Amino acid sequence: AKIEDIVHEAIRLRDKWGKGTFWCDKAEPRNIDALIDAGLTAYANHSKRDEGIHSMGSRFKIEEDGKPRIFVFKNCVNWIGEVQNYDSDVKQQDHAMDATRYVLVNTSHIGQGLDISFGRRHKY
């Protein structure tokens, strides 16, 4: 995707859901700069890949309250397909998994679940 399209979509998301943080691949500093230049909050993800995989995997476990800590709306077919075929040793078709890992690792200190169906964090 072109950075102009990414910025446009990020602005649309902010306008729809409110101000938030965009966690980005640190290998693309120009993309981060473009988001910041557009008035958005964007940071480079500096977490380790294994740390993110562990954090994401642990969210599927059912907790004491009978709920997992990651919820995915059934219409998120691309995300579901990607997570089912995810291979931590292969760096392809993993953009949604990378994005999910970035959010989970960088917001884990907040102690909230992540609701993919709405793209917003909610307390559970």
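Contact is taken here as heavy atoms within 4.5 Å. The model is predicted, so local features require pLDDT of at least 70 and side-chain atom pairs count only at pLDDT 80 or more, while totals for chains, interfaces and linings use all residues. Residues are numbered from 1 along each chain as its sequence is written, and side-chain values use heavy atoms, with hydrogens and water left out.

Not counting residues up to four places away in sequence, Leu35 touches Ile6, Val7, Ala10, Phe22, Cys24, Leu40 and Ala42. Leu35 belongs to the largest nonpolar core, whose 7 residues also include Val7, Ala10, Cys24, Ile32, Leu40 and Ala42. Such a core is a set of buried Ala, Val, Leu, Ile, Met, Phe, Trp, Tyr and Cys residues joined through side-chain atoms within 4.5 Å; buried means under 20% relative accessible area, exposed over 50%, and partly exposed in between (1.4 Å probe, protein chains only). Two or more residues of this core come from each of helix 1 (3-17) and helix 2. A second, separate core of 5 residues includes Met56, Ile70, Trp79 and Leu104.

Helices (H or I, at least four residues) and strands (E, at least two) are DSSP runs numbered from the N terminus. Strand 1 (residues 21-25) pairs with strand 2 (residues 41-45) in the parallel sense over 5 bridges, pairing requiring at least two DSSP bridges. Thr21 has Thr41 of strand 2 as its bridge partner.
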